[in-house]
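Please read it alongside the sequence and the coordinates.

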Amino acid sequence: MNAVVLPIILPLLTALGSLFWWRPSHARRWAVALGTAAQLGVAAWLLARTAGGAPLALGVGGWGARAGIVLVVDALGALMVLLSCVTVLGALVYSFAESRVAHEHPLRLPLIQFILMGINLSFSTGDLFNLFVGFEVMLISSYALLTLEADDWEIKQAYPYLALNLVGSTLFICAAGLMYALAGTLNFALLHERLAALGDDPRLLVLGFMLLFVFALKAGVFPLHYWLPNSYPTLAAPLAAIFAGLLTKVGVYVLIRMLGTVLPHTLTPLHETLAVLAGCTLAVGALGSVARGFVRGVLAFQVVAAVGAMTIALGWFTPAAVAACVFYLVQDVIVKAGLFLAGGVAARLSGGDLLSRMGGLWKPAPAFGVVFLLLALSLAGVPPLSGFWAKLALLRAGIAGGAYAGVALLLAASVLTLVAMLRIWHAAFWRPAATPPDFERRGWRGMALVAAIFAAGSVAFGLCAEPVYRVARAAALGA
């Protein structure tokens, strides 16, 4: 099925087109947006084809599965490609509403498309080496975006992101080589068969821990999360929405693939270690978000907390827990991207996102206040929003598996998340402002409208939780 390659080829062509169309302009921006919309249409078609059916596969170049490049899109991969395109398209439209074409670096748009290409390749590859290639395309583009429009202080904050991910990439290629030496292939389907035949071979457990380190680093699992809370806040709001909504989710997605599809299910020490680290990640993220004093900093630690919530379910490693992890991942992409976009609007109106200097947004813009509140409450898990059903699924899976300590930690983290979100809302909207917000700034209504679309998506997920959960469960079982 040649359509499997389109989620990779289309962003590549869009990136190259925007590179040749070098001069920033509204026409260039809308051309990139149309290219992303086309990718969204392809992703929706792939999801319709794979939902409840067999995955689509393409052997590139006619090579055999053992040594060739194989692209595979199943329901989970198609769902993630769709979410990626939605997030990038929303971020692009949001940035258009900022009306700052003259101040945007000409490389920003092509680099976003290259990031999307790497993400989509990670979601649709069927072998370990091309997963490495997808990661590198995504990471190199992210390195460039982090430093492209940064000042000296922001570059310093981005340094841990670059350094640690370079270490992770080096370990990844080493692990891929050891995997090939052990199994004679890097194809996921063949790896599943050959690794299962190894039984209790200790080399398999060592290799499993190597891969866990690599993908936990990419996802931001404790203690490898250090790069995330300081680097994400340096980004402009639309870029932060892409990074927070997608990049860590790629790491979680690959952990789902590795534990569910590639590695044998008998590696209990691996699962237990992940559960412990995930619990620490959840605690650090929740506590850090309460301690931060600016909007982007609070939300960055909430990215860490969400990674902890998803990976603790993977550590429990029951069918219900993996399904809950997938459902949580899907809704968190929408909510987290929407919150970073809404936070950007609040910062634009207030002249900055320091909580001590914000205020007075509720009376002049009550509709926007409702949008931010809906996203914040969804993140905290307040019913009937999507975050509630996702956390309920996690809690039920934990109770069913007897993981009572993890359940208690999830409940405590939810309370801290609610405190952190209401703290932002009170500071930015309810409290009187020392300096009145500037509602004459251009573009804020369009930016708020994009954030409102993401909030509406969260509400829709909450109202349609059961069918969405069925899709997530089917995708998880297919993984």
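In this predicted model, residues 24 or more positions apart account for 80% of the contacts in the chain that have a separation of 6 or more. The chain holds 18 helices and two strands, and buried residues make up 59% of its 479 residues.

**Overall form**

- The radius of gyration of the chain is 21 Å, which agrees with the value near 23 Å that a compact globule of 479 residues would have.

**Charges and salt bridges**

- Side chains of opposite charge can pair when their charged atoms come close, and a search of the whole structure finds five salt bridges.
- Arginine 257 and aspartate 74 meet through their side chains in a salt bridge, with an N to O distance of 2.6 Å; this pair links distant parts of the chain, since arginine 257 lies in helix α10 (residues 237-262) and aspartate 74 in the loop between β2 (69-73) and α3 (75-97), 183 residues apart.
- Both partners fall under the 20% limit for burial, with a relative accessibility of 9% for arginine 257 and of 12% for aspartate 74.
- Another salt bridge joins arginine 203 to aspartate 201, with the closest N and O atoms 2.7 Å apart, and aspartate 201 counts as buried at 17% relative accessibility.
- In helix α13 (residues 319-350), aspartate 332 and lysine 336 are separated by about one helical turn because they are four residues apart, and their side chains meet in a salt bridge of 2.7 Å, N to O.
- Aspartate 332 and lysine 336 are both buried, and salt bridges that share partners join Lys249, Asp332 and Lys336 into one network.

**The setting of leucine 217**

- Leucine 217 lies in helix α8 (residues 202-219) and is buried, with a relative accessible area of 1%.
- Leaving aside residues up to four places away in sequence, leucine 217 touches Leu164, Asn165, Gly168, Leu224 and Trp227.
- Proline 110 is 107 residues from leucine 217 along the chain, and the C-alpha atoms of the two residues are separated by 26 Å.

Definitions and conventions
Residues numbered from 1 in each chain as written. Predicted model: local features only at pLDDT ≥ 70, side-chain atom pairs only at ≥ 80, totals over all residues. Heavy atoms only, no water. Buried < 20%, exposed > 50% of the residue type's maximum accessible area, 1.4 Å probe, protein only. Contact = heavy atoms within 4.5 Å. Rg over C-alpha atoms; globule rule 2.2 N^0.38 Å. Salt bridge = Lys/Arg side-chain N within 4 Å of Asp/Glu carboxyl O.
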